[in-house]
Amino acid sequence: MPNVQLHVVMTDEMYSFDEAKKDEQNKKQPDADADKIQAPIEITSSVAEPEGRGAFRKLFMKLGEKVGTVKEMLCKLADSMMRVMQQNPKLVPEAESRMEIECPANEDPMELLAVSLEGMRENFSSHIPALQACISACAKLTMLRRSFHKRGRRAIHFIRTFINVDYVLLNNQRKELIKCREEMDFAKHEYANNPTEQKKEACNKAITKFNEQSEEVFKTLGTMQSKKEKHRLELFKILDEMRKYHRNAAQECLLVCKSKW
């Protein structure tokens, strides 16, 4: 097997988002008072609102960088593991995919070897039993390899899910939160310039929507630490699947070696 090294380190810092949230909460405090529209004078504050927007943007830049770093790290890890399982580089897909690594039908190397051995029957007419043992071993090794690819893919379920589902979901949630923030700022501005009951109600709705979306984002981020542990365990699972595959393959090859030519 080629010497494929997995140069990937999962650090606590990559998965830690609570600290980023806490670091910015104090900076966002002036804006928290502005969200209480019962006092219109707070909404029109020329100091608190820009600081709130600045803290908001800084927080999301920090979160975006950390989430992007985790995704990039997992993509590299997934690519390395797929190359270990599927040693034909042409059949290794991108990490941002279903990660199907199984050989197409009748194209597994052992299947191709079996076809070649079948064509040698006339040349080995005096060694048919041994030749047949080799052909049978090729069929069993093909089954073992295909099973290994399927089990290996299942073993990295949470890594695949984060790359192709969780990250996309979180990114969409962040975009929606930014949109909610813009709508809230606009509603505050409209109410401050013309404080009617209708605009007050619209402002309240915008603030509520922003707060709810904010909670959704940080709720998703709060699961990152537990996901990290699942990602770590999946690395061990894939290595264990590799161990079982090579053990079973070695047993099949040993049977062939014991055949008499």
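Modeller: The general idea first: a salt bridge here is a side-chain nitrogen of Lys or Arg within 4 Å of a carboxyl oxygen of Asp or Glu. Keep in mind that this is a predicted model. Arg98 and Glu100 make such a pair, with their closest N and O atoms 3.3 Å apart.

Colleague: Is Arg98 buried or exposed?

Modeller: Exposed counts as over 50% relative accessible area, and Arg98 has 57%, so it's exposed. Glu100, at 42%, is partly exposed.

Colleague: Which parts does the bridge between Arg146 and Glu111 tie together?

Modeller: Arg146 and Glu111 come to 2.9 Å, N to O. Arg146 sits in helix 7 and Glu111 in helix 6, so this bridge ties together parts 35 residues apart in sequence. Buried means under 20%, so Arg146, at 14%, is buried.

Colleague: How many salt bridges turn up overall?

Modeller: The whole structure has 19. Some share partners: Arg151, Asp240, Glu241, Arg243 and Lys244 form one network.

Colleague: And the nonpolar side: which residues have the most contacts inside the largest core?

Modeller: Such a core joins buried nonpolar residues through side-chain atoms within 4.5 Å. The largest one holds 36 residues, and Leu74, Met99, Ile159 and Ile163 have the most contacts inside it. Helix 5 gives the largest share, 10 residues. Beyond its sequence neighbours within four places, Ile159 touches Leu74, Leu77, Ala78, Met81, His231 and Glu234.

Colleague: Where does helix 8 bend?

Modeller: At Ile163, by about 40 degrees.

Technical notes: Residues are numbered from 1 along each chain as its sequence is written. This is a predicted model: local features need pLDDT of at least 70, side-chain atom pairs count only at pLDDT 80 or more; totals for chains, interfaces and linings use all residues. Side-chain values use heavy atoms; hydrogens and water are left out. Buried means under 20% relative accessible area, exposed over 50%, partly exposed in between (1.4 Å probe, protein chains only). Helices (H or I, at least four residues) and strands (E, at least two) are DSSP runs, numbered from the N terminus. Contact means heavy atoms within 4.5 Å. The bend at a residue is the angle between axes fitted to the seven residues ending there and the seven starting there.
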